[in-house]
Amino acid sequence: MVRIADQEWPSTVVPADARERAQSTGVLVRRMGWVSERLTREERDDVERQLEFWYSHGYCPDALLIAMSALPDGTRQRPRRSGEKPGDFLRSRMKGWFADESDAAMTEVREPPRQGQTFEAWLANRRKQAADEGTYQRRSRLTETGQQARAEARSIAASRRKDPLARVRESERRRAAALESLKVVGEAVEVPPPPAETRATPRMVASFAGRQALAAHSPQVLRIVERLRTEKRGPSPAELAVLRNAVRDAHHHAGLGTLEAASAEVNDVDSLTPDGQWIKDFLARAADDRLPLDATVRLLHSMR
């Protein structure tokens, strides 16, 4: 089966199957400028049904273009109206090409204005024309020896082609071999455990926990939470705004207390605000390097 591109499909061929009808319809749509038309599924089906009817009666794309341009007596057809769908336009244009005899059935049509041909006839004519012009080259056929050599080459290629499971196993084997090659040869060296200072909770984590604890123990926050717990209800918009402001203020004071506590550690300052002293005591207890990690975490949760 010879196949050609849709753009090269001849407009003089009467399609014989679904593939040829699709290519002929593509030629007609491009010639009519309907490529940019946005049609619904029903509208596209309507156009395809009409074209299939005319294809079955021997109309090729060229014949349809001529029929939509003029009536059988030569009268020019009207132009397409604004907003007219391609299916309605095609139906109104081709109405004059039905047989108008009194005893004619509704499915009888006139002879197409241009006779089409089959794709095989068009292809043979094209090859004959190319041969006459000296531009057609027929594909050379393999001799018996060539066919035997091609069969042997295909069998060799098939024998060397591995199945997917074998390829995965081979890839895993190569990966394991590469990892094994990186293994250090010799006795294993015992690595001492890291010092306690590197295993303790970082001071920034303790500082963050202190700021959160300061916000949780804010008098305004405790007062509103206790009221909501007693009344068993959710916060009102006003109470929610007070809670947010109280938490924001507590975080702000805790940040200032953290800076004050850090300055006291460096400059040995004695007088601190209550927030600064609270953060300094929290850091001194929570960031104790002598405590293991699990004890430090429990201490962070149990502060006040």
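**Labels and their cut-offs**

Guide: The buried residues of α1 pack against α2 (41–56), α3 (61–69) and α5 (119–133). Contact means heavy atoms within 4.5 Å. The model is predicted: local features need pLDDT of at least 70, side-chain atom pairs count only at pLDDT 80 or more, and totals for chains, interfaces and linings use all residues. Residues are numbered from 1 along each chain as its sequence is written, and side-chain values use heavy atoms, with hydrogens and water left out.

Visitor: Which residues of α1 are buried?

Guide: Glu-20, Gln-23, Ser-24, Thr-25, Val-27 and Leu-28. Buried means under 20% relative accessible area, exposed over 50%, partly exposed in between (1.4 Å probe, protein chains only). Across the 304 residues of the protein, 27% count as buried.

Visitor: What makes the span of α1 close to the expected one?

Guide: The expected span is 1.5 Å times one less than the number of residues. Helix α1 (residues 18–32) has 15 residues. From first C-alpha to last it reaches 21 Å, close to the 21 Å expected. Gly-33 follows α1, with a positive phi near 75 degrees.

Visitor: How are helices and strands assigned here, and how many are there?

Guide: They are DSSP runs, numbered from the N terminus: helices are H or I, at least four residues, and strands are E, at least two. The protein has 13 helices and zero strands.

Visitor: Why is α1 called roughly perpendicular to α2?

Guide: α1 and α2 pack at an angle of about 110 degrees, with axes 11 Å apart. Roughly perpendicular covers 65 to 115 degrees; under 35 is roughly parallel, over 145 roughly antiparallel, and the rest oblique. Therefore α1 is roughly perpendicular to α2. Arg-21, Ser-24, Thr-25 and Leu-28 of α1 meet Leu-51, Glu-52 and Tyr-55 of α2. The axes are lines fitted to C-alpha atoms, for helices over the stretch in contact, and angles run from 0 to 180 degrees between N-to-C directions.

Visitor: Why is Pro-113 called partly exposed?

Guide: Because its relative accessible area is 34%, Pro-113 counts as partly exposed. Pro-113 sits in the loop between α4 (86–94) and α5. Beyond four places in sequence, Pro-113 touches Tyr-59, Ala-63, Ile-66, Ala-67 and Trp-97.

Visitor: Which residues do ring pairs link into a cluster?

Guide: Phe-53, Trp-54, Tyr-59 and Phe-98. Rings of Phe, Tyr and Trp (its six-membered ring) pair if their centres lie within 6.5 Å; planes under 30 degrees apart count as stacked, over 60 as edge-to-face and the rest as tilted. The structure holds seven aromatic pairs.
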